[in-house]
Amino acid sequence: MGLTRLVCALAAFLLVWPSSLILGQTQPQPSAPSFAATPEDGQWAIPQKNYANTRYSDLAEINTGNVKNLQVAFTFSTGVNKGQESAPLVVGTMMYVLSPYPNILYALDLTQAGAPMKWQYNPKPAAAAQGVACCDVVNRGPTFSNGKVFFTTLDAHVVAVNAETGEEVWKTKLGDINRGETMTMAPLVAKDKVFVGISGGEYGVRGWIQALDINSGQSVWKAYNTGPDQDVKIGPNFKPFYDSDKGKDLGTTTWPADAWQQGGGTVWGWLSYDPDLNLLYHGTGNPGPWNPNQRPGDNKWTAGIFARDPDTGEARWFYQTAPHDIHDWDTINEMILLDMEWEGKPRKVLVHPGRTGYLYVIDRTTGEVLSAKPFHALTASTGFDLKTGRMQVNAEKEPVNNRVVRDICPTAPGAKDWNPSAFSHKTGLLYIPHMNMCMDWESVEPNYIAGTPYVGAEVRMYPGPGGHMGEFTAWDIREGKELWTINERFPLWSGALATAGDVVFYGTMDGWFKAVHARSGEVLWQFKLDSGIIGQPTTYRGPDGKQYVAILSGVGGWAGSIVSNDLDPRDGTSAKGFVNAMRELKNVTTKGGTLYVFKLP
Amino acid sequence: MRTLLILPLLAFTLAACEREDREYRSNPVTAESQEKIALVPLSAGPGGPTEQRSGLGKEYEENAFHISQGQRFYVWFNCNGCHANGGGDSGPALMDDRWIYGGQIENIVQTIREGRPNGMPSFRGKIPDDQIWQIAAYIRSMGRNVPKPAAPGRKDDMSPGPAEQRRPPGEVIDGGQVPPSAQMPQ
């Protein structure tokens, strides 16, 4: 009897901590916080899947054994041939697909064969907005809440659409394209507010984040990321962890006079929300212009992470991944909220694979960096100082005006750009789609002309060590090292999806949609789509009870604009230097804009 | 007799004064050169569109000084921010043969001044007329649609590829295509 009990206990233990036992370790793997580990409803209502940004579904019908049988269930054309970075959403029996500019929202009826279109909503954004979109006219997705679908338009409006009927509920203008302001991010809805930010870090835009009332679309609060404390919503409750972030009006004093007014720090990436701590997390973009010699100082509060009170916008802490950023390293990448044991104590952490090439594990209650481990070849920095929270910049790679500095790794889009990782609640691993690239950089003096680019750099990029440009990495957060990596010819610009079937999905820029084994990294299935993939895969349970996987094809974005914008490969500095590395993409894929949905037979 | 001599002299002198008053340079910001050009090769009725060129375009695009000035202004006015060094970025490539709004220098001058619907800003009143012509002349050199001796032989900054002068003579295909994103299905 006692023995049986012991065996049962051991079996239960094995079930709970499988990987740690196999690896012979005592500490458990990090896990999703309770607010993200709710029972699976089979829907995919927001691009991040949940407030913790794990992009994990508990659906397990598609597993490592049968994924090889996946087949196309239906397809749908978005009617737009630009970069498709959006995530297809599923709520109830409807699927929502958002196109790049002109930002058309389609609703598909999943109860009918072939998922026919139920309605489309066209916000008709200003065509001129295309001229102030730095990196293709992308949009990173709609978001669903309270019977409405919310999304941003390229000409800086936010709209709320009735999810049932497709009727416009409200539409709010938040930016001016004549100042280079556009919007590309997916909003996040928490409590009764819609959180959105502005794009335009390459146009001297002064970045901000705003909260809109979910019912009226009226602005509730707005916080800038440069300028005086009052504008940034820094008050007595602002308690940053590091001394370099403490002081009055650092948003003006860490800049040359008035440079903060065109200082960037835009908000165009992923937001996270911790309902237990009631904290909203958002990153801030690169300081403007790219040429750092124009802006001596730490350039607060650009290229960092803010924790804010979602009710008031008040800042709680800030951590700057790239003080006085010298290489366009926005900090807008996903922030995955996890619980993990750190040096024997349970910690609420925020995991951020940064453009700098470091994967940060940060205590999300205080902003303390617990670890920062490189996941990309580095020459731009020589290490990370945990005492000050700063990476050690390699002085040899610092830009000098009118001189070409060579072999800087990672590149301007960073070790990893916007395309989000996925965290498997089951394996406890992080799946990171990223790049392997280096660049040459010459700083030149830029002119600020409102509504035109404000960059001041000539760049050309090329493959990093090994000659491949993309990597799909399974990362052990606790150990701070990779478990396995799949090399890809082109940079990875698509998001990742993790499922309980131990299958992880991602797409490549030459058009392969891949399913890999979550533990071994073995490619179990792949299917060639009509154009390159830079979208975000999602999965859902259809009205028929079966599991489906959805992805948009349609190459573009910064990396793929050589195809989507018909750039001339003879100019290596095109697309801010990306074309130098992407010449071959024109020979392997063409423009597109198609939704693909897969299922088992 | 003396009066007869003085009168023509006076007339000549006055005429010279008149010549001195002539404007060699137009008022830099407000004045605009007016060329009669069409945006399309198609016209109502046979014979093609009616166009009238003053010859100003030829003066600019066959002149190395103007093209070289244009190369500087191209960067000063942030043209390179959207069109890179001719390969394009958020704006279309300028070194290739596709010209959505016409590839003759007069078309390019008009595009810079008026702007275009899919994102090209209007620079009217922001760039002096002669500098617009110089920029347009430089843009013509990117696809080597200017005489080889007039095209720039080098660039001061990071080399994007062979200099304009070393590129093979280009051609201009008018019309291009409407960017697919501009077509809204409805």
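The paragraphs below take up confidence, then the interface, and then individual features of the chains.

The mean pLDDT of chain A is 95, with 96% of its residues at 70 or more. Residues 8-24 of chain A have a pLDDT below 50, and this stretch makes 9 contacts in the model beyond near neighbours in sequence. For chain B the average pLDDT is 85, and 79% of the residues score at least 70. Where pLDDT is low, the predicted coordinates should not be read in detail.

The interface comes next. Contact between the two chains involves 36 residues of chain B and 45 residues of chain A. Together, chain B and chain A bury about 3100 Å², of which 49% is on carbon and sulfur atoms. Polar contacts across this interface join 20 residue pairs, with both residues of each pair at pLDDT 80 or more. On the side of chain B that touches chain A, α3 (64-76) and α4 (79-83) of chain B each supply at least two residues. The most is given by α4(B), with 3 residues. By residue type, the side of chain B that touches chain A consists of 14 nonpolar, 17 polar and 5 charged residues.

Charged pairs can be followed from the interface into chain A. Side chains of opposite charge can pair when their charged atoms come close. Between chain B and chain A there are 3 salt bridges. One of the salt bridges pairs D566(A) with R98(B), and their closest N and O atoms are 3.6 Å apart. Over all chains, the structure holds 44 salt bridges. Within chain A, the side chains of R364(A) and D274(A) form a salt bridge with an N to O distance of 2.7 Å. R364(A) lies in the loop between β21 (358-363) and β22 (369-374) of chain A, whereas D274(A) belongs to strand β15 (residues 272-274) of chain A, so this pair ties together parts that are 90 residues apart in sequence.

Covalent links between cysteines are a further feature. A disulfide is a covalent bond between the sulfur atoms of two cysteines. The count over all chains is 2 disulfides. One of the disulfides joins C134(A) and C135(A), with sulfur atoms 2.2 Å apart. The torsion about the S-S bond of C134(A) and C135(A) is about -105°, and the disulfide is therefore left-handed.

The peptide bond from Y101(A) to P102(A) is cis, its omega being near 10°. P102(A) is placed in the loop between β4 (94-98) and β5 (105-109) of chain A. Another cis peptide bond runs from G288(A) to P289(A), with omega near -5°. E343(A), a residue other than glycine, has a positive phi, near 50°. The position of E343(A) is in the loop between β19 (336-342) and β20 (345-353) of chain A.

Technical notes:
Residues are numbered from 1 along each chain as its sequence is written. Chains are lettered from A and ligands numbered from 1 in the order in which they are written. Side-chain values use heavy atoms; hydrogens and water are left out. Contact means heavy atoms within 4.5 Å. Buried area is the accessible area (1.4 Å probe) that two parts lose on being put together, summed over both. A salt bridge is a side-chain nitrogen of Lys or Arg within 4 Å of a carboxyl oxygen of Asp or Glu. A polar contact is a pair of N or O atoms within 3.5 Å; within protein, one must be able to donate a hydrogen and the other to accept it, and residues adjacent in sequence count only if both atoms are side-chain atoms. Helices (H or I, at least four residues) and strands (E, at least two) are DSSP runs, numbered from the N terminus. Ala, Val, Leu, Ile, Met, Phe, Trp, Tyr, Cys and Pro count as nonpolar, Asp, Glu, Lys and Arg as charged, and the others, Gly among them, as polar. pLDDT is the predictor's confidence in each residue, from 0 to 100. A disulfide is a pair of cysteine sulfur atoms within 2.5 Å.
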